[in-house]
Amino acid sequence: LDRLIGLAMLVVATAVFTYYTIWTLLMPFVDEDHPLHSLFPPRVWAIRIPVILILLGSAVVGSFLGVVMIRSNRKKAIKAAKAKAEKAR
């Protein structure tokens, strides 16, 4: 199952890479009235989509790190409170 999932991810990544490469590197040299242009969004999205994905990915990673740090601090505070309570006895 892992090999099948890995193969599927590789195929999808290759397809996305090929589509994006054709869109950004080859389509500017094709005439505007060519029917091939109907398969691709406007060129301005060739920059917008990666920027949006990078910002979204950064927000997800930053949020994950923030949650991990908050949970870690809570665990340390609970341990410190327990140690202080035992010392007071």
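These legends go with close-up views of one predicted model. Local features need pLDDT of at least 70 and side-chain atom pairs count only at pLDDT 80 or more, while totals for chains, interfaces and linings use all residues. Residues are numbered from 1 along each chain as its sequence is written, and side-chain values use heavy atoms, with hydrogens and water left out.

**View 1. Helix 1 packs on helix 2.** Here we look at helix 1 (residues 2-26) and helix 2 (residues 45-88), whose axes sit 10 Å apart at an angle of about 135 degrees. Helices are DSSP runs of H or I, at least four residues, numbered from the N terminus. Axes are lines fitted to C-alpha atoms over the stretch in contact, and angles run from 0 to 180 degrees between N-to-C directions. The two helices are therefore oblique to each other (under 35 degrees is roughly parallel, over 145 roughly antiparallel, 65 to 115 roughly perpendicular, and the rest oblique).

**View 2. The residues where helix 1 and helix 2 touch.** Helix 1 brings Tyr20, Trp23 and Thr24, and helix 2 answers with Trp45, Ala46, Ile49 and Pro50; contact means heavy atoms within 4.5 Å.

**View 3. Domain 1 meets domain 2.** An automatic or database domain assignment sets the bounds, giving domain 1 (1-40) and domain 2 (43-88). Their centres, taken over C-alpha atoms, are 34 Å apart. Seven residues of domain 1 touch five of domain 2. About 440 Å² is buried between the domains, 61% of it from carbon and sulfur atoms (accessible area, 1.4 Å probe, that two parts lose on being put together, summed over both). On the domain 1 side, Tyr20, Trp23 and Pro28 lose the most area, together 78% of what that side buries.

**View 4. A salt bridge between glutamate 32 and arginine 43.** The closest N and O atoms of this pair are 3.0 Å apart; the rule asks for a side-chain nitrogen of Lys or Arg within 4 Å of a carboxyl oxygen of Asp or Glu. Both partners lie in the loop between helix 1 and helix 2, 11 residues apart. Across the interface of domain 1 and domain 2, the rule finds one salt bridge.
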